[in-house]
Every structure is written in C-alpha cells, then in structure tokens.
Amino acid sequence: MSGEARRKGKPMNKTELLNIAQTWFKTQNWKSFAFQKQTWNDFLQGKNGLLNAPTGSGKTYALWIPIVLDYIKQNPDYKTKHKPGLKAIWITPLRALSVEIEQAANRFAQEIGSNLTVGIRTGDTSQKLRAAQKKQMPDLLITTPESLQLLLSSKGYDKTFKNLNAIVIDEWHELLGTKRGVQIELALSRLKNVSPKMKIWGISATIGNLQQAREVLLGPDSEAFKNSVLIKADLKKKITVKSIIPEKMETFPWRGHLGLHLLDEVVPIIRKSRTTLLFTNTRSQCEIWFQRILQRYPEFAGELAMHHGSINKETRLWVEQAIRDEQLKAVVATSSLDLGVDFAPVETIIQIGGPKGVARFLQRAGRSGHQPGKESVIYFLPTHAMELIEASALQKAAKTTAVEDRIPYLQSFDVLVQYLTTLAVSDGFFPKEIFPEVKSTFCYQALSEDQWEWLLNFVTKGSQTLQAYDEYKKIEIEENGLFKVNNRAIAMRHRLQIGTIVSDAVLAVKYLKGGYIGTIEEWFISKLNPGDVFTFAGKNLELYQIKNMQVIVKKSKVKNSRFPSWAGGRMSFSAQMSELLREEMFVASELLDPVVTPSEVEGSLIGRKKGSVELQALSHIFQRQKKESIIPKKDEFLIETFKTREGYHTIFYPFEGRFVHEAMASLMAYRISLLAPITFSLAFNDYGFELLSDQQIDMQQVFDNNLFSAEYLMDDLQKSLNSTEMARRKFRDIAVISGLVFTGFPNKMIKTKHLQSNSQLLFSVFRDYEPDNLLFQQAFRETFEHQLEEGRLIMAMERISEQKMIWKQCEKPTPFAFPIITDRMREKLSSEKLEDRIKKMMAQWGDL
Amino acid sequence: MGRPVIAMTKNINILGQTFILHPSGGMFWEEEDLLVISDVHLGKVAHFRKHGSAIPQLALKGNFLKLDLVTGFFDPKKIIFLGDLFHSYINYEWQHFDQWMQDISAEVVLVEGNHDVISPKKYEALGVKVIPELIIGDFLFTHHPEERENCFNFSGHIHPGVKINGMARQQLKLPCFFRRQNQMILPAFGEFTGKHILEPKAGDEVYVVTKEEVIYLNT
C-alpha cells in the first residue's frame, strides 16, 4: 500500500486494498486460494453471492477480509478515526461456532490495525452485554437467525441496520431446508430496504441444489440475485471409506443401534492416530460409547472427551479448544460437531451407525485431514449386520460424490405470522409496504392476496369475522393503518417465543450445591423418581428433585445407571442413499445366484462375481434370507407374511428410505382397511415397512384390487393422514411458531406434556370447527412435502408398479424383517369402530 | 359435534342407589333425580383468544351442545357441577352460560374447584349456588378426590383416563369413570380438556367412555 495515499486520506484502489490482504496472508505463512481471491474481488465490486466451500478451507477469510477492505476503502483514515456503528452481520446456525468466527475475524481486524470491533449476540449473551450492544453495536455482529429476528422486534431497528454493509449467512445449507431458513429469507427481505448498501453472501457446503440455494438466499428474480455470483472452492479431497468388519460375522447382531460389539476394534484405530472423532447418531449413543470406552480402557481417562448439544457451553468450548491444542486422543460426538469448527489435529473419523445421507457422511469425513491436499479417512462402524450394506453403498457414494438436495420450505404461514408479529412489536408495519417484500422471497413467491388478507385478519381478529364480546387481542390497527402491538404482555410473550423454533422441551440439570451441567429432555426425566441414577455428560448422577424446571442432582457412585435417550436421530435415507442401497441389494442377489457350486455356497463368495468386502461379510445373512424368503432382484418387489405371538405381520420392501416408507405404510394400511374393518400398527425403517394386525390380511385381495396403484395416490394419502398422528405432530411446531400455544416464561416453562396436549387439543378444535384455517392446512401440506416426500413417493409407486410382486409366506421373521418388526416407534391406523376395538381387546386379554 | 342421539348408558349400583353413567361423562342419580357433571372448563376458548391465541370461536359452542344433550336426556331436578366449571376469570363465555342458565329449569349447584376463581356472587346472580362440598345421605360430593370415613365420595379434578393394550401392539387411551372402593372419579365433561392416565389396581372398576357408549372394562 502506498504511504502517500494513507497520509492524504485518499481512498485506496482495489489493487492496494487487495495488497493488504495478500501481505497479511504472507505474514501468516498462508497462500490464498483462488476461490478466496475471487470472492474478495467480487465482493469489492459490490456483488452478492453464494460461496460453496467446505469447513476448514478458509471460508471465513474469504468473506471477512473484503468486508474490512470495503470499510478501509470508505474510511481512508481508518487507523486514526474509527467510525462506530454496525457494518456487518455474520449469521451462524449454531451458537457453538460463533467463538471460532469471532477469533478469526478479530485476528485479521487487529493485526492490520483496522480498529474494527467484533461482538457476539446469541441466546447465551448476558443481559448486560445485550444492553451495552443496544447502545453501541460492534462493527461486526456474529449472531443466530433467532437473535436477528429479535433485533427486528426492537424499537428503532431501522437505525441499527442503516449503515449495514454486508450480511453473511454461514452454513446456509444447514438453514436452507428449515424454517430458520425462512426466518432468514424474511429478515433479508426487510433489510434490503432498511440497509440499502447491504451485500448478501451465503456460504454453503456442497449440496445437490446449489443454484437454488443462491436463489432462495437472494430472492427469485430480485435485483440482488441478478447482481450475484456462485463461487465454488472446488478443493478436491480424497476420501477413503473403510468398514470395520467384525471377525466373526456369525455372532454379529441382526438389529441394534449401539454398535458396542465392535468397541475393541475401535481402540487400535484411536491409538494410531493423533486425534480421532467418533460420530454417533444420538446423544444417548454418545454417552454410552464414552462411558464404555472408559470402563474398558481406563487408560484413556483424561484423553477422551464427549461433545453433544445438551452439554453445557463451557464444557463444549473446552472440548473444542482441547481438540485444537491436541490434548485429546479421541472425542465422542454427535452432529453438534458436524459444522464449522476447524480442527487441524483430527486425523481420523469413525462413523458409528448409518449416517443416513451422503452429504452428511462426506461432511463428517471432511472433518479429518483438514490441510489442503490431505486425504480424509473415515471408518464406518456398523451397529447391526444390515448396515454393512449401507457401508458398501457409501463407498460408492464417496467416489461419485452424489449429494442430496435441501428442499426449501414454501408457504410457511406459521413463520410469516411470527414475522408479522415481530414487526408489529417493534415499530409496527403497513401491509402495503410489507406485502411486496414478503412476496419477493422464495418461500412466499406464490402468496396470494387472499391468503395475505387471511393472515392479516388472523393476526388482528383471530381469523374470525368480528363478533360481539370477542376479546381477541394481538395486533391492533391504528388510525393511520399501522399494524402494531400495544399490549406489553403480548409483546413480551412474543419475544420469548421467537427463539423457540421447535425443540423438545428441555430442563436444566444442576448440582444440588450449584453448577450447571447441561440440559435434558423432559420426557426422560419424568420417568425417573428421586433417588434413581442416570448417566449424563459422562457422569453418574442421582436425581434429587425437579424444581422450577430444573433437575437437581447429586454425584453418585452407583455403577449401573440409566442412559437418557434423546429424541431425534430418526433420520431417513435420502433418495440418493436409497438408490445406492438398492443397487447394492441387487448386487447381493446376483452374488447368490444359483450358478454356484455347493462348495462355493458353503464358503465365501470370493472368486466368482465380486461384491464389496462388506457384502461378502454378509454372505451368511443373505443365505439365511434366501433360505427363508428371497433377496429381491431389480424387477422384483418382495412382500413377506408370517405369524408370531404378536399377531399377523406383513412386510413390504421398497428400499426407499424411512420417510417414503412411512407414507407408503400409511397409504397401504388405509387402502387395505377399506376392504374390511381392521386395525394396524405400522413400523418402518430404511428398507421396508410392516403392517401388523390381529387379523390376517387377505393378500389376494390386495393384488386383485390393485392396491399398489399410483392412481388417487394423493387423495388416499390425505385420507390416511386423517387417521394417523403425523399431521397432528407437525401441527405442534406450527402452533408454537405461530404463537397459538405459548411455551412459557424462562424458569417457569410450561411442561411439554401440557404443551403437547394443548397443541393436540388445538388440532382437534381446528379439525372440528375451522378446517379451512391456513395454519391447520399447513400441517398436512408439510407432512406431504417434508415428512413424506410426496415427489419421491410418486416415483417409488411408479417404479413398484413395473415390478413383479413376490409374496413369500414365511415360517418366521427373516433377517430383513427382524429390524423392522422389533421397532417400537409406531403409527396406527384403524377402520374398526372404537367400541368394537375395546370389546375385542378385552376378549383378547383372556388369550394373552 | 355430531354426537349420536342414541347414547348407550350404563347403570351401576352403589350402596343400594342407582347411578346412570352417560357417554358425555355426566352421571345421573336416579333416586334423587340429580345430574352430576365435572370439569367442564368453560371459558377456555375465550381465555386463549384474549391472550392472543386464535382458537376458533365456534369451538365454545361444543360444550353447550353437550350440556343441552345430557340435560335433555335425563331432564333432572338438580344439577351438580363438581368444580372447574369455568377455566379462568370471567370472559365472554359467561354470557353464553348466562343464556344457558336461563333456559334451564333445574336447580344448579357448583361444588368449588381449583380453577373456580369467579366470585360466588356472580354465580348467585345467575342462580347458581356455590358451596365447598355437598353431602347427601352417605354420599360426599367434592372437586378433589377425598377419603372420608363412612362416606362414598364423588369427585372430578383428575380427568381420569385409562390405557388399554391389545394384540398386535394395539393401544388405546380413553377417558373413564374410575371407581375405587369408596370413591368414584368422573371424567372431564368439557371438550378438549385432556386426560390423566390412571392404572387400575385390584378392586378398582373402570367404565370407559366413547362418543356413543359407556363400556365396563373387565380387567
């Protein structure tokens, strides 16, 4: 940079600006990547964009540097005169990531002497700091989507954002397919007008629909979109997948989800690398693995840590720092470590249990070997035999890098109701001004005037025509037409509610003597009595009492304790994953073709058609499956029926992933229930689904009536949804987000059980009295679009209609059926009269 | 809401008296010509709306339709509400209740419950007598279940329900009349009130309530 320019306070040109960055990179002994330079350039030219770059690639500097340079350009005497006020916002979906970003941002801002300040504002930020920020915002604010909404709910927000120069949405792929993503879309639609100089940038890992991700971020057909770029980091990384195959497959379990059988095989892997991350699918699995490794290998004490979303922030931050400082040999983690945080010492990743999606698996794999050019190694540890097929499929996925789309939400009326209330709580809004903004977003591009009117009516009159006596209170319309919340209680409730984009109610866990340990789901703790011992955050704790939504505990020396099981972890195979799985299955069926000589069947399958090592390891299970049923070929659709003491089982195998199976199960159960009164219990996994009943299904009738037809599919599915709980459950989130139910004040939270029943009761009220309510209908639409993946369902039904039905009447559960029929999470569907069912059940009690 | 006109009731005998259990959750004491109803929770809809939760207004009609149905069925001389008649403070559902009271010829008594915060004077202005408890012969009527010597207790408050299991992993949760040795707990009468699942012990008797029928659960 030229000294003369600085002295005279002349603005620097782009080359001079970029020199600052390049010089700084040199002092760090770093080399800038092409994607970083391109992002700097495009940003300085005033463009918006989406940067596709993986974690640990230097993406933070790709965007933070040009933000600082832009400031320098506009303020040539930046070294002596600091211009206060908010200049940039950095949105991160996880609070845990904010520290990382703060450190990186500060490092550059300070070392080049820019005098820019960096601050964090999340749910963890103290009241005092928040108040201070309100008086004087930092130059860069790192925050979450919820906290951004909260800023929009404070008076005079337009002044806060007036000089905003840039907003960066980090990990946009994580937000895209969620309602928090919709919150961002809405916030951006407002900020575009409040902050005219604002440039919008997203950062996303690789997903299938990157172009669409950019469109959602910037708004379809918007000026911002037209003036935008998509930059791909294109850092080719070699990923090697290795399956951990048990030496004795014969004793390997057919079902299960913990994978502890292979604990001993994991230890040598941990020993030989610097740091290993073990990813589990659920928090309880994480706790159990942590505990069991230490029990069996006490020498790891002090070198093994655990990281999941329920553990308190300090511990999590400590663990993250310890990984960076290479103090830990291994960390057992959940998806809480999936994102962002850059851990150079991590050499090895172990995935315990199926990751359910290719993108997630590759992202996890990418957590190791962070230095550019280094190979990423990921071990796959199957928790039951069938998961080895997934491993085999993932091998292929890693080679072809086929990744999933993230489906953006459309017409989320609940989020819009929340947003309108947010604006009404702060400075109020004029519908005329806000409607075009809302309509400019991807989510609400199809919003009609009628729907808009309905929503306005909903927030002001509670969706009714005005009646005498009605005391409905929320948003009021002032004389000049301003929509405004004037009631302080309603405003306060609303602000409290914004953070609750739907999570299961959790209670704080604290020691009797004081000291916060973390949070735990209410439904688990409600099953315990004082004196019971459970394991949490790696410690055995005795429940002392539950008071004011706090779980008070004491340390316990008792060895045997219960492990909390957290909800979640019930993910579904993506379409890509399902397809890969089917392909593997066909390979397996061919491997067992009867062209083989008997001696070959006895031994392994090696030597003839070669399947992967995983499939070879599974040969005994395939043979058993084949003996009792078949392994379906590409053109075959398998249905198995058998009877156990539980009742009559019918298993269908579409291999389409859990969510599609959930839809199909409900559809088939509905269609069969039309033939004669019958009651079903439905179970599903990623391979197939089960209809369980106390009566036998007449399969011939199922074929004769062509019940697999794709005709009237959506109509039938809609009707089946009325008889199951799926839409009812979706409605809970909608009721919370739209403020129909209130989750309570801090420390005085309404028990989830009440919340649940409140929203469940509400569902019945709307069904009976106001079925055309847009929020009520949204529950069904969301079930279709996001839960049941209607698009995939239609394609699957079409595929099945071309297959040959093979109905096997089996003696007993087959290896394929076993994991499904033992699943306890079930839906139900009945066409019998309630009174008849009660009487029948009573009659059965004699037989049981 | 679309309740069938024919309701299958169940007659039971307690201490030589006849009580008729109705699918609505109401109970009729034949000898005394007296109808007992518990936990109606009127005013819930208006209460929520007042606090910004847009529950359909039509929903408040459901409880009154149900009340009309059961009073029409038994045509009692006296009606006893076993507490929690109103969910909260006075709101516009009070006007509906006022109207309903005017159309009723029976004597109406409210045994106070924990939710009943409306002043007895307001009730009395409508002709409802408010009392903490009521004793008729050997029978004690309270809101909370009670054990008292030489008394058979009728109560509400709990919103009792039971879980029934059947073959093929079938399970039902239904509201019920729950009878212990010296006690009968009535189901919540109000629509959309939720239920609390009880586990019957030996000697307990359970009468499950569906829209059409009261069924004795032969445990």
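Author: Let us begin with pairing: two strands pair if DSSP finds at least two bridges between them. Helices (H or I, at least four residues) and strands (E, at least two) are themselves DSSP runs, numbered from the N terminus. The model is predicted, so local features need pLDDT of at least 70 and side-chain atom pairs count only at pLDDT 80 or more, while totals for chains, interfaces and linings use all residues. Residues are numbered from 1 along each chain as its sequence is written, and chains are lettered from A and ligands numbered from 1 in the order in which they are written.

Reader: What makes the 7 strands of chain B an open sheet, and in what order do they stand?

Author: The order is β1-β2-β3-β4-β5-β6-β7 in chain B, with mixed pairing. β1 (10–14) and β7 (128–131) of chain B are at the edges with a single partner strand each, so one side of each has no neighbour in the sheet. On average, neighbouring strands of this sheet are turned by 25° against each other, direction ignored; the axes behind such angles are lines fitted to C-alpha atoms, for helices over the stretch in contact, and angles run from 0 to 180 degrees between N-to-C directions.

Reader: How do you know that β3 and β4 of chain B pair, and in which sense?

Author: Strand β3 (residues 27–29) and β4 of chain B share 3 bridges in the antiparallel sense; the definition asks for at least two, so they pair. B:Met27 is opposite B:Val36 of β4(B). The hairpin of these strands has 4 residues between them, and B:Asp33 there takes a positive phi near 55°.

Reader: What joins β4(B) to β5(B)?

Author: They run parallel and are joined by 4 bridges, β5 being residues 78–81 of chain B. B:Leu34 has B:Lys78 as its bridge partner, and B:Leu35 stands opposite B:Ile79.

Reader: Which residues of β4(B) point one way, and are they buried or exposed?

Author: B:Leu34 and B:Val36 of strand β4 (residues 34–37) point one way, B:Leu35 and B:Ile37 the other, and all are buried. A residue is called buried if 20 or more other C-beta atoms lie within 10 Å of its own, exposed if 12 or fewer, and partly exposed in between, with C-beta atoms placed from the backbone. In a regular strand, side chains alternate between the two faces of the sheet.

Reader: What makes the sheet of chain A parallel, and which strands stand at its edges?

Author: Its 6 strands form an open sheet, β8-β13-β12-β9-β11-β10, with parallel pairing. β8 (239–243) and β10 (304–307) of chain A stand at the edges, each with a single partner strand, so one side of each lacks a neighbour in the sheet. β8(A) is joined by 5 bridges to the parallel strand β13 (residues 376–381) of chain A, where A:Ile378 is the bridge partner of A:Val241.

Reader: How many residues does each chain give to the contact?

Author: Chain B gives 31 residues and chain A gives 40; residues are in contact if their C-beta atoms, placed from the backbone, lie within 7 Å. The largest share of the chain B side, 3 residues, comes from α1(B).

Key: Two residues are in contact if their C-beta atoms, placed from the backbone, lie within 7 Å.
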